[in-house]
Amino acid sequence: MGRPTSTRRGRAAALAITVVCLAYAPIAATELWPYASPGAPAVGEWLLGRSVSPEFVAEAVRDRMGPYSRSLAPLILHSVLGGLLMLLGPVQLLSAVRRRIRLHRIAGTVFAVTVYVSMAGAALYLVRTPPEQAFSGAAFWIVLATILIGTVGSVTLGVLAAVRGLPDLHQRWMLLCYGFLMTAPLLRLEWGFLPALYPGLSLQDVNRVAIMHLGSLVSFGALLASRALDRRGTVPGLTGTWCPRPVLVAVHLAGAAGLAWITVAFLDQGAGGRRLLLAYAVPYAVTYGVIAVRAARAGARGAHWAREEWRLHLAALCLAPAFSAVAVPVLERTMGLDRLTALIAGVGIGCGMLAYAAVTVVSLRVLYARELLKRQRAFMPPPPPPPPPSGRAEEAPDALSVAAATAPAVATATATKEGDH
């Protein structure tokens, strides 16, 4: 593990993340104050009113007032601590890159505790709010619940990896955790520019467009960061591949079938469905293209470990549409959703859940390689004894020792001569 392989791109990415986080921190911390005290300052509302329109802000407040009023205190806790997490994230990233171990551990402990408390507030909101009565409807509720589970699960596995002394796995899980957290500022950015792209679009429709690709984008960003920070050509004990060509062919066929089903399902929903399909397909295609090219390049230069990780994530990405296609009828039947709501929810959670599965498989791949290496060492013959210390004069053997050592050879030679006669 080490510094990013491309200094220029690594610095640009770190700077962009830091700017977004620092800008969003006061927005997150003050976002829900007006719901508790009308007229209280809210940085996000002020910016949104000037970038879009005051009417758009009024619609957002009106749509959220009812659902948020049931769990306002937990949501304020969640929002304020979310602002703190936006500040702790760059500290964690920069301290890890610059190897400030003590600062990284202290900030990491605060980060993990803050994640648990903040997500507890969000969980109370979700538990107290029926999906159909949630802000932006049942599909948004399902996506929020999935992000919550992914955030808590990834930070937990990241902490366990750190405790077990597995820095490479710790890094991957914590980057995925922060990727899930980044869905909040990225959603607010889409609140700002999507109304310009689709004039007259309601906030609920803006959220539907955004959740088509947010899971894919944040997990893809976490993967790029993981690979940039991991410069190893191979992992000790890593042999073969868990994603051979037949597996890649099979997942591509499954993915193509899932994409075809999703395309037909969205096209049946008219203009709104075409808009949602575009919001899903374009980022998906870009993500697929980058991962496929990176995997091929890693294989060409003989970077076996990089190639293996890229291919495992490529397989997961291919399976995401198939997973979504299966999830849609399940959501329809288990939650009583209409086809469009179930379609939006199923597609919205597909890429994020499969990215989580891919990091799980990558972790198991590393653990299996280490276990294999440990077993190989257990069956290796013991090392030869060390040579005598240099510089010490060897003691001359006494006559008795010489006689004892040469007696067998003399007896053998005598017997041989007698046999010749």
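Hi everyone, let's start with a pair of helices: H14 and H15 run roughly antiparallel to each other, because their angle falls in the range over 145 degrees. This is a predicted model, so please keep that in mind as we go.

H14 covers residues 304-335 and H15 covers residues 339-378, and the two pack at an angle of about 150°. Their axes lie 6 Å apart, and the crossing is right-handed. Which residue classes make up this contact? There are 24 nonpolar residues, along with five charged and four polar ones.

Next, the aromatic rings. The count here comes to eight aromatic pairs. One of them joins phenylalanine 111 and tyrosine 178: the ring centres are 6.1 Å apart and the planes sit at 40°, so this pair is tilted. Phenylalanine 111 belongs to helix H6 (residues 101-128) and tyrosine 178 to helix H8 (residues 167-181), so the pair ties together parts that are 67 residues apart in sequence.

Now, how far can we trust all this? The protein chain has a mean pLDDT of 88, with 90% of its residues at 70 or more.

Residues 1-5 do so, yet the model gives them 22 contacts beyond four places in sequence. Residues 392-421 also stay under 50, and there the model has one such contact. Where pLDDT is low, the predicted coordinates should not be read in detail.

Conventions
Residues numbered from 1 in each chain as written. Predicted model: local features only at pLDDT ≥ 70, side-chain atom pairs only at ≥ 80, totals over all residues. Heavy atoms only, no water. pLDDT = per-residue confidence, 0-100. Contact = heavy atoms within 4.5 Å. Axes fitted to C-alpha atoms, helices over the stretch in contact; angles between N-to-C directions. Helix = DSSP H or I, 4+ residues; strand = E, 2+ residues; numbered from the N terminus. Parallel < 35°, antiparallel > 145°, perpendicular 65-115°, else oblique. Left-handed = near helix turned anticlockwise from the far one by under 90°. Nonpolar A, V, L, I, M, F, W, Y, C, P; charged D, E, K, R; others polar. Phe/Tyr/Trp six-rings, centres within 6.5 Å; stacked < 30°, edge-to-face > 60°.
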